[in-house]
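I opened this notebook to keep track of what I looked up, one topic at a time. The entries follow the order in which I went through the structure.

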Amino acid sequence: MKLSINFVKDYVDIDVDIKTLAEDMTRVGNEYDSAGKLINATKLVIGEIIECVEHPDSDHLHLCKVNTGTEVLNIVCGAPNARTGLKVIVAQDGAELPELTIKKGMIRGQESNGMLCSLAELGLEQKFLRPEDKEGIAELGEDAVIGEDPIKYLGMDDGVIDFELTANRGDLLSILGMAYEIGAIYDKSVKEIDLSHKENGEDINNSFSVEVKTENCKMFLAKKAENVIIKESPEFIKNRLIASGIRPINNVVDISNYVMLELGQPLHFYDADRLGNKIVVRMAERNEKLTTLDEIERELTDTDIVIADSTHGVGLAGVMGGLETEVEETTKNVLIEAAIFDSVKVRLTSKKILRSEASNRFEKGLDPKRTYMAIERACTLLEKYADATIVTGTVIYDGTNKQDKQIDVTFQNINDVLGTVIPNEEILNVFRKLGFTYTVNGETVTVTVPTRRLDISIKEDLIEEVSRIYGVDNIEGKLPVVPMRKGSYDKTQREIRNKMIALGLNETLSYILINDKEINGYTLDEIEPLKLLDPITEDRNTLRYSMIPSLYKIYEYNRAREQKDVSIFEIGKGFYKKGDVYGEDTKLCALMSGKYSLGLNNIKNVDFYTIKGIVEEVLDYLGYAGRYSFIKEEMPKEMHPGQSAYINVNGTNIGIIGKLHPSVSNEDVYVFEINLDELLEKKVGKMKYKEISKFPSIKKDIAFVVDKNIISKDIERTIKSAGGSLLTEIEVFDVYTGSNVADDKKSIAYSLTFIDNKKTLTDEEVNALMDKVMDNVCKKFNAEIRK
Amino acid sequence: MKEEIIKIKESALEEISNTQDLKTLNDVRVKYLGKKGELTSVLRGMGALSAEERPVIGSLVNEVRAKIENALNEKEEKFKQAELQEKLEKETIDITLPGAKIKRGSKHPVNRVIEEIEDLFVSMGYDVVAGPELETDEFCFERLNLPKGHPARDMQDSFYITNEYLLRTQTSAVQARTMLANEEKSPIRMICAGKTYRREDDATHSHQFGQVEGLVIDKKERNVSLADLKGTLEIFVKKLIGKNCELRFRPSYFPFTEPSYEVDVSCFKCGGKGCSLCKQTGWIEVLGAGIVHPNVLKMNGYDPEKYGGFAFGTGLDRLAMFKYAIPDMRYLYANDIRFLNQFDRKDEE
């Protein structure tokens with residue numbers, strides 16, 4: 001909402017500068033975007049061209065001698081309308097205009113000591129410029145006094161504050177509402193509005209009627225103004241519209257906008273001669289068509305409110321009038337509509353067609369008392385500035401409640417909620433400043449809230465008013481006095497993240513929205529895509545199920561920037577719908593590619609075992625040691641079939657690990673994803689001390705040469721059962737293929753640890769167990785001992 | 001014999017002082033003190049001495065032996081010292097060469113801010129709670145006093161997947177869940193941080209962003225008031241943004257609180273004088289807060305006549321940007337490794 005200071009001064013006295021006003025309004029809850037002069041230019045003066053000749057070296061420049069009252073300046077001017085005797089706006093040496101600074105200088109060899117200005121050069125927005133304003137310098141009237149301030153002469157010495165109002169303060173979308181608010185801050189009373197005008201002839205109700213067929217129209221008032229003379233508006237109306245951001249058109253159209261700005265009530269003017277003698281307000285029929293005044297034929301739906309005559313629609317209520325009954329240069333008689341329509345319906349229609357100053361006001365809600373004021377005010381102005389004759393009477397349909405609200409609140413209520421000890425008189429003073437009346441009955445104040453304050457309906461609203469006007473800055477902060485207790489939180493996720501970070505991975509924050517084509521990736525689960533009804537881009541139109549596509553995007557982003565060593569992880573959500581139930585799982589996902597530091601100077605290229613080590617490290621850390629395995633089953637097609645597996649804990653697959661399939665990435669990229677909700681459901685045992693054996697352990701190393709397709713897990717199982725209870729640890733320490741080993745074979749070396757908690761083991765005992773181990777493994781896997 | 005012993009002593013001491021290494025020194029030891037050594041031989045000849053002479057010569061021999069042993073030990077110690085010195089010198093390295101480091105991973109700046117906030121509020125007795133990101137219209141809006149058709153819903157253009165389900169536009173949804181889940185209707189002190197989503201994407205708005213929400217509900221007689229909210233947020237802002245920050249409570253409007261406030265902090269870049277960061281106003285908006293609206297209490301099972309409290313919320317992305325001087329919101333979500341690597345150390349306290 002752009003507030004014209006000149007406009008609001010009609011209704012309240014303001015003694016502070018514009019910046020202070022803007023700051024003070026902000027402190028009571030009305031934030032501003034900008035505050036400044038309508039025309040931001042310095043060193044301007046009214047001058048008269050006393051001589052105007054052609055520039056000798058130019059086909060369009062003029063050499064002007066301009067009298068500014070105190071001196072005669074030589075100014076070179078290119079405007080085609082520069083001529084002797086014209087009163088002009090002179091920007092003197094050193095003048096600061098919005099786009100440029102004026103300096104004395106030479107133009108094609110001729111001295112120029114200033115500039116003659118057009119309105120465009122003074123910073124007036126394009127949409128407010130008439131064709132003549134764009135073509136040449138501004139032509140001031142004969143009555144302009146040489147040497148005086150041209151901005152003042154034009155009536156444009158106004159200040160504008162652009163407010164960003166909150167959605168509940170529809171009342172501030174009017175000059176009068178602003179006047180009440182400013183009055184409350186500075187304790188000033190608001191001045192009366194002039195609604196006086198004459199009425200003539202037979203009552204309008206005898207010749208015109210309104211029928212309201214929908215409850216979405218709460219109020220509909222109509223009056224008639226006859227014999228209007230359409231012309232340009234007076235300067236003050238035009239300037240105030242411009243300051244408020246509305247383009248002046250002609251006096252009649254401008255008056256409807258002027259009253260809307262002044263009172264917050266949108267009006268609609270119809271060309272009465274092209275309208276029948278009856279208006280019907282109803283919901284549109286499905287597929288009903290209406291051409292709006294922007295000359296577009298609209299197809300309507302049953303949520304649009306339509307203004308119709310007895311046969312067909314003539315306007316879209318609250319949003320846009322129809323072309324057919326538009327006020328034009330030739331219009332003689334005007335039917336004035338002041339109405340209240342349902343805010344939700346207007347919002348729906350305006351969202352489809354046009355969000356305007358008017359629709360915005362309907363959406364925020366209107367004060368029915370203002371509706372009556374506005375239609376009278378329009379008559380006052382039409383009589384005064386369009387020479388209209390106002391027809392006697394008003395056609396009234398009114399289904400509104402105009403009762404002022406009465407709300408009880410106690411002084412205690414107010415001080416309790418605010419945590420203050422504001423004296424009773426000060427509280428009452430706030431209500432008085434706001435223009436609310438009240439009665440005090442012991443501890444209780446009954447406040448009568450005027451209908452203009454649609455936002456106030458419960459005592460908490462009144463408490464807010466007290467805090468606003470009393471000033472939140474005057475309230476001292478303290479801390480709640482409540483029983484002490486410890487706060488709590490589940491640290492597991494944080495522990496997992498810290499572990500991953502300690503393992504050298506970077507934590508990311510990825511987007512959860514992906515393309516629906518990616519939704520079936522990295523899983524064999526049946527997935528119903530959760531697509532957005534209204535995505536911003538098709539690239540991000542679906543909620544992810546697996547996090548891997550999100551992390552892969554991050555990998556691609558980095559690779560495109562020559563960052564190939566990427567080891568990242570994230571805990572985030574994956575979303576699903578199972579049957580009718582929507583849900584989300586917390587997942588831990590990691591992606592690794594390129595070089596990875598295993599600590600000290602041990603830097604290697606990431607392979608399957610690197611990322612598997614990370615998974616094992618995390619699972620061991622969480623207490624799942626010995627309870628998980630990696631299982632090869634049918635894998636999703638995005639995974640390398642020979643280098644991927646499911647992560648299985650206690651018999652359930654809780655995640656996936658492996659290399660990305662070459663069809664996904666040409667680079668060696670490894671990922672894993674664990675469903676943390678599923679994993680953490682599985683209980684772990686308590687961390688507990690185990691007796692350390694007093695007896696020494698014996699370590700034995702052994703290497704088997706086996707077929708390449710034999711998997712280590714199976715050999716380990718055989719070793720374990722052969723080794724019995726004295727075999728406490730089996731560790732793979734080398735896997736070898738190459739010279740001395742046949743092409744279809746590999747060598748796997750194990751380090752076995754034997755220990756007896758009751759006595760010192762002898763070599764004979766251990767050797768006997770080792771013989772059994774070798775024997776069993778060799779038989780079962782057709783293995784040979786590698787010497 | 002006496003002369004002979006003195007002679008042995010002198011020649012032994014001279015030989016000792018002339019030795020250049022440990023091995024020669026050992027030879028000297030054997031030569032004089034060994035089983036067949038010169039001094040030992042003298043002792044062997046003692047039998048021929050008279051009873052008066054024997055103790056005199058005996059003590060002289062002992063004295064000489066002690067002297068020689070002493071000299072030998074001293075010399076040996078010297079050689080050992082020299083040898084050790086040589087070893088140490090040989091082992092000396094260039095300590096200015098870099099250490100062999102283990103690579104550190106890094107924690108995302110937004111998560112760092114979340115942890116800092118959670119720790120602060122846990123220390124004040126708040127519980128950290130979580131809620132779903134795929135929310136229902138009921139919890140995201142309706143139970144927060146935002147019925148369908150409410151104009152304030154426009155402030156939060158949303159990603160719906162059905163008429164009922166949407167990605168939550170605000171962590172406030174967790175307010176309703178926490179109140180409703182608390183069956184005893186006992187006091188609540190909770191904090192909830194997480195991802196939120198709105199249908200907007202430009203230089204200053206990401207369609208996905210972080211929010212944190214706090215809620216305190218207590219019995220009316222304990223009077224959890226606006227002043228308490230102010231005090232709590234002063235602690236919050238001063239911890240997160242800086243000790244010298246000033247706060248400004250600006251009345252505002254949120255459907256779920258009444259009264260409602262937006263909280264500005266004095267611009268930490270210019271100190272309030274006005275700069276590009278604060279758009280020349282001297283203030284930066286950081287929080288939304290207020291006293292819980294009676295309708296919200298009612299709709300979530302708390303009697304507004306018996307309970308009251310406050311709620312607050314703020315955007316995490318901007319806090320992270322302020323804290324680490326990150327100039328562009330988009331850096332937080334691009335996850336450039338060179339960006340992430342910078343957040344690999346402990347935050348200062």
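**Sheets of chain A**

I began with a strand pair in this predicted model: strand β38 (residues 698-707) of chain A and β41(A) pair in the antiparallel sense over 2 bridges. I looked up one residue in that pairing and found that A:F704 has A:I785 of β41(A) as its bridge partner.

I then placed the pair in its sheet. The sheet is open and has 4 strands, in the order β39-β40-β38-β41 (chain A), with antiparallel pairing. At its edges stand β39 (727-736) and β41 (784-785) of chain A; each has a single partner strand, so one side of each has no neighbour in the sheet.

Inside the order I checked strand β17 (residues 305-308) of chain A against strand β18 (residues 313-316) of chain A; they are antiparallel and share 3 bridges. There, A:I307 is bridged to A:G315 of β18(A).

**Where chain A meets chain B**

How many residues of each chain are in contact? I noted 85 residues of chain A against 83 residues of chain B.

I looked up the area next. The size of an interface is often given as the accessible area lost when the parts come together. For chain A and chain B I have about 7,400 Å² buried between them, with 55% of it on carbon and sulfur atoms. On the chain A side, A:L509, A:Y511 and A:Y582 supply 10% of the area buried against chain B, more than any other three residues.

I turned to the polar side of the interface. The rule finds 10 salt bridges across it. I looked up the one between B:R199 and A:D534, where the closest N and O atoms are 3.3 Å apart. The side of chain A that touches chain B has 35 nonpolar, 21 polar and 29 charged residues.

**Confidence**

For the complex, I noted that the predictor gives an ipTM of 0.86 and a pTM of 0.84. Chain B has a mean pLDDT of 89, and 99% of its residues reach 70 or more.

Which elements of chain B have the lowest and the highest mean pLDDT? I found the lowest, 79, for helix α3 (residues 38-44) of chain B, and the highest, 96, for helix α12 (residues 337-340) of chain B.

Key:
Residues are numbered from 1 along each chain as its sequence is written. Chains are lettered from A and ligands numbered from 1 in the order in which they are written. This is a predicted model: local features need pLDDT of at least 70, side-chain atom pairs count only at pLDDT 80 or more; totals for chains, interfaces and linings use all residues. Side-chain values use heavy atoms; hydrogens and water are left out. Contact means heavy atoms within 4.5 Å. Buried area is the accessible area (1.4 Å probe) that two parts lose on being put together, summed over both. A salt bridge is a side-chain nitrogen of Lys or Arg within 4 Å of a carboxyl oxygen of Asp or Glu. Ala, Val, Leu, Ile, Met, Phe, Trp, Tyr, Cys and Pro count as nonpolar, Asp, Glu, Lys and Arg as charged, and the others, Gly among them, as polar. pLDDT is the predictor's confidence in each residue, from 0 to 100. Two strands pair if DSSP finds at least two bridges between them.
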